[in-house]
Amino acid sequence: MDWTWYLFRFDGRINRAKLWLAGVVLLGLMMFVGVVIVAIHSLFGGPASFHFGATDLFKLVDPDAYRSPTLADLPRLLIKLLGTSLLMWVYFATSIKRLHDRDKSGWWMVPFFAVPGLYNQFAERLPDSYADLPLAIAAFVLCLWGFVEMYCLKGSRRTNRFGPDPLAPKPPRDTRPPWDQQSEIEMVPHKAGPPPVWRVKPGYE
């Protein structure tokens, strides 16, 4: 399998199993980045606990998330920024290819991922009223719909606008030797030799 295409490119299609495998890969990357952050904490000081996940992406649009970092926070924030960027790239690349398998555009990540994430980021600052209930229900429904669409339903059983079916059987491999075109058109020169000896029947001499 081409892992560069699988984890980092946005073209083509993948099936459900490869999307679940991408989740395992993302979990391993999160654990690795978490170990790096803990090691940085032990070297430069800081809190022993940390939060690391997709919510860091939505903090970029949250003005309250910006504050003046201390010098001890800079290495941790840099590793966290790089790790979040890597994880989000892999997540979007595999999720969009899975949406392609469902014959859907990658823009479906906006209602499936961006809208619920933004709601969760700002939900605590919304006024407590019944007007907030439809927003909460809409965010939950979109999140659930996206999970079922990408992780549970089968893809198109035909070639769609994004590529061939990843589960379609591949044609059998041709094991015949390749055609040597040069030997087919090569002219073999006639070899000169003595004329044939004609035998004549006795009595006809």
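**Exercise 1. Classify Arg102 as buried, partly exposed or exposed, and identify its salt-bridge partner.**

Solution. Step 1: Arg102 has a relative accessibility of 23%, so it counts as partly exposed; buried means under 20% relative accessible area, exposed over 50%, and partly exposed in between, with a 1.4 Å probe and protein chains only. The model is predicted: local features need pLDDT of at least 70, side-chain atom pairs count only at pLDDT 80 or more, and totals for chains, interfaces and linings use all residues. Residues are numbered from 1 along each chain as its sequence is written, and side-chain values use heavy atoms, with hydrogens and water left out.

Step 1: The partner of Arg102 is Glu149, and the closest N and O atoms of this salt bridge are 2.7 Å apart. A salt bridge here is a side-chain nitrogen of Lys or Arg within 4 Å of a carboxyl oxygen of Asp or Glu.

Step 2: The pair links distant parts of the chain, with Glu149 in helix α6 and Arg102 in the loop between α4 and α5 (109-122), 47 residues apart. Helices are DSSP runs (H or I, at least four residues), as are strands (E, at least two), numbered from the N terminus.

Step 3: Glu149 has a relative accessible area of 5% and is therefore buried.

**Exercise 2. Trace the salt bridges of Asp101 and state which network contains this residue.**

Solution. Step 1: Side chains of opposite charge can pair when their charged atoms come close.

Step 1: Asp101 forms a salt bridge with Arg13, in which the closest N and O atoms are 2.7 Å apart. Arg13 lies in the loop between α1 (3-8) and α2 (16-44) and Asp101 in helix α4, so the pair ties together parts that are 88 residues apart in sequence.

Step 2: Asp101 also pairs with Arg98, the closest N and O atoms being 2.5 Å apart. Because Asp101 and Arg98 are three residues apart in helix α4, about one helical turn separates them.

Step 3: Arg13 is buried at 6% relative accessible area, Asp101 is buried at 3%, and Arg98 is buried at 0%.

Step 4: Arg13, Arg98, Asp101 and Asp165 are linked in a network of salt bridges. The count of salt bridges comes to seven.

**Exercise 3. Describe the surroundings of Thr94.**

Solution. Step 1: Thr94 is placed in helix α4 (residues 73-101). With 1% relative accessibility, Thr94 counts as buried.

Step 1: The side chain of Thr94 reaches the backbone oxygen of Val90 at 2.8 Å.

Step 2: Leaving aside residues up to four places away in sequence, Thr94 touches Tyr6, Leu7, Ile14, Leu19 and Ala22; contact means heavy atoms within 4.5 Å.

Terms used
A polar contact is a pair of N or O atoms within 3.5 Å; within protein, one must be able to donate a hydrogen and the other to accept it, and residues adjacent in sequence count only if both atoms are side-chain atoms.
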